[in-house]
Number of protein chains: 2
Amino acid sequence: MQASTQVSRSAKGEPVDSNLVDEDIALIAKALSHPARIQIIRLLLSKKTCIGGDIVDVVGLAQSTVSEHLRILKASGIISGEITRPRVCYSLNPLRLNHFKDFLGLILDCDAEASAVESACWVSPKKNNN
Amino acid sequence: MQASTQVSRSAKGEPVDSNLVDEDIALIAKALSHPARIQIIRLLLSKKTCIGGDIVDVVGLAQSTVSEHLRILKASGIISGEITRPRVCYSLNPLRLNHFKDFLGLILDCDAEASAVESACWVSPKKNNN
DNA sequence: AACATATATAGTATATCGACGATAAACGAT
DNA sequence: ATCGTTTATCGTCGATATACTATATATGTT
């Protein structure tokens, strides 16, 4: 009987509008959990332009491998691909990351409190007096 | 000849001060890439208090499994554990996440541009006219 | 000393990830 | 219709991740 056995809306194929559940957060984080994918995001950031197979050259991995990374990024909703057969133009889709950033904001707000009040996020260890 | 073959400072055991490289981003993201770990973070957020094995009850996994998740979170620097043998008091350590959030901020700033200027982050797919 | 408590570690089985080459699929151009 | 280009998918592998049980470790209590 877990506390958060919520079913992700995105896991059901529906678009996520506002608050993300643990599953969504984890999915986005997993998409960001590989250097090559961060590199791809950075590339899309710097060029601010739609790139096709140029990504393959920059990343330096096999085309199939890069394609898989792009698939993962697309599946998480971080990027989207505009199809212009046979090319695909990838671009950042930051909307999805907004809520993810909000989640991090919660943690960092807690940090702000902790800076003001000593140890706001946790109490001192209780003595073992039972 | 990749664009970012930077060596992470944290990967060399040194503390990361300001800008994170792809490796660092990926490492933090990986720590966030499991629902159980998000759940643990949420728990530490909501209770704002030091919890020991209570985490095990909430998460609903085996004690050893939760211990492993806590180890991963600790290794990433997201949480820290205050040892009061035999208990360990865990608390959020948001400093590490600051730069991670900054990285997301880059992407979301790009989003702000995109809202103002039509398609600021990528150009429309060029017609295949070669 | 023996016990209870809280956490970490070892060992193990299974699942997923990440890389590759080979191949398929979709289209424009010849 | 065939060829070249670009992207996606398949099949495979080694490595890593995740879960469990069992056991070890450390400490306070009786």
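For sorting side chains here, Ala, Val, Leu, Ile, Met, Phe, Trp, Tyr, Cys and Pro count as nonpolar, Asp, Glu, Lys and Arg as charged, and the others, Gly among them, as polar. This is a predicted model, in which local features need a pLDDT of at least 70 and side-chain atom pairs count only at pLDDT 80 or more, while totals for chains, interfaces and linings use all residues. Residues are numbered from 1 along each chain as its sequence is written, and chains are lettered from A and ligands numbered from 1 in the order in which they are written.

**The DNA-facing surfaces**

A residue is near a strand if its C-beta atom, placed from the backbone, lies within 6 Å of it. Helices (H or I, at least four residues) and strands (E, at least two) are DSSP runs, numbered from the N terminus.

| DNA strand | Residues around it | Nearest residues |
|---|---|---|
| C | 23 residues | Ser64(A), Arg85(A), Gly52(B), Gly53(B), Ser64(B) |
| D | 23 residues | Gly52(A), Gly53(A), Ser64(A), Ser64(B), Arg85(B) |

Which element gives the most to the surface near DNA strand D? That's α4(A), with six residues. Near DNA strand C, the largest share, six residues, comes from α4(B).

For DNA strand C, α4 (63-76) of chain A plus α4 (63-76) and β2 (87-92) of chain B each supply at least two residues. For DNA strand D, the elements that each bring at least two are α4 and β2 (87-92) of chain A, along with α4 of chain B.

By class, the surface near DNA strand D has eight nonpolar, eleven polar and four charged residues. The one near DNA strand C splits into seven nonpolar, twelve polar and four charged.

**How chain A is put together**

Chain A has five helices and two strands, and along the sequence they run α-α-α-α-β-β-α. The two strands form an antiparallel pair: β1 (residues 79-84) and β2(A) share six bridges, where pairing takes at least two bridges found by DSSP. Two residues make the hairpin between β1(A) and β2(A), and Ile79(A) has Leu92(A) as its bridge partner.

Over in chain B, β1 (residues 79-84) and β2(B) are likewise antiparallel with six bridges. A two-residue hairpin links β1(B) to β2(B), and Ile79(B) sits opposite Leu92(B).

**What's inside**

A residue is buried if 20 or more other C-beta atoms lie within 10 Å of its own, exposed if 12 or fewer, and partly exposed in between, with C-beta atoms placed from the backbone. By that count, 34% of the 130 residues of chain A are buried. Helix α1 (residues 22-31) of chain A is mostly covered, with eight of its ten residues buried; among them are Asp22(A), Asp24(A), Ile25(A) and Ile28(A).

A nonpolar core is a set of buried Ala, Val, Leu, Ile, Met, Phe, Trp, Tyr and Cys residues joined through C-beta atoms within 7 Å. The largest one has 57 residues, and Ile25(A), Ile28(A) and Ile25(B) have the most contacts inside it. Two residues are in contact if their C-beta atoms, placed from the backbone, lie within 7 Å. Skipping residues up to four places away in sequence, Ile25(B) touches Leu32(A), Ile38(A), Leu20(B), Phe100(B) and Phe103(B).

Lys101(B) belongs to helix α5 (residues 95-116) of chain B. Leaving out neighbours within four places in sequence, Lys101(B) contacts Lys101(A), Leu104(A) and Leu108(A).

Cys89(B) lies in strand β2 of chain B and also counts as partly exposed, because 18 C-beta neighbours lie inside 10 Å. Lys101(B) and Cys89(B) are twelve residues apart in sequence, with 25 Å from C-alpha to C-alpha. Gly52(B) is 37 residues from Cys89(B) along the chain, yet their C-alpha atoms are separated by 5.4 Å.

pLDDT is the predictor's confidence in each residue, from 0 to 100. Chain A averages 75, and 67% of its residues score at least 70. Among the elements of chain A, α4(A) has the highest mean pLDDT (94) and helix α5 (residues 95-116) the lowest (76). The pLDDT stays under 50 over residues 1-18 of chain A, and is below 50 over residues 117-130 of chain A as well. Where pLDDT is low, the predicted coordinates should not be read in detail.
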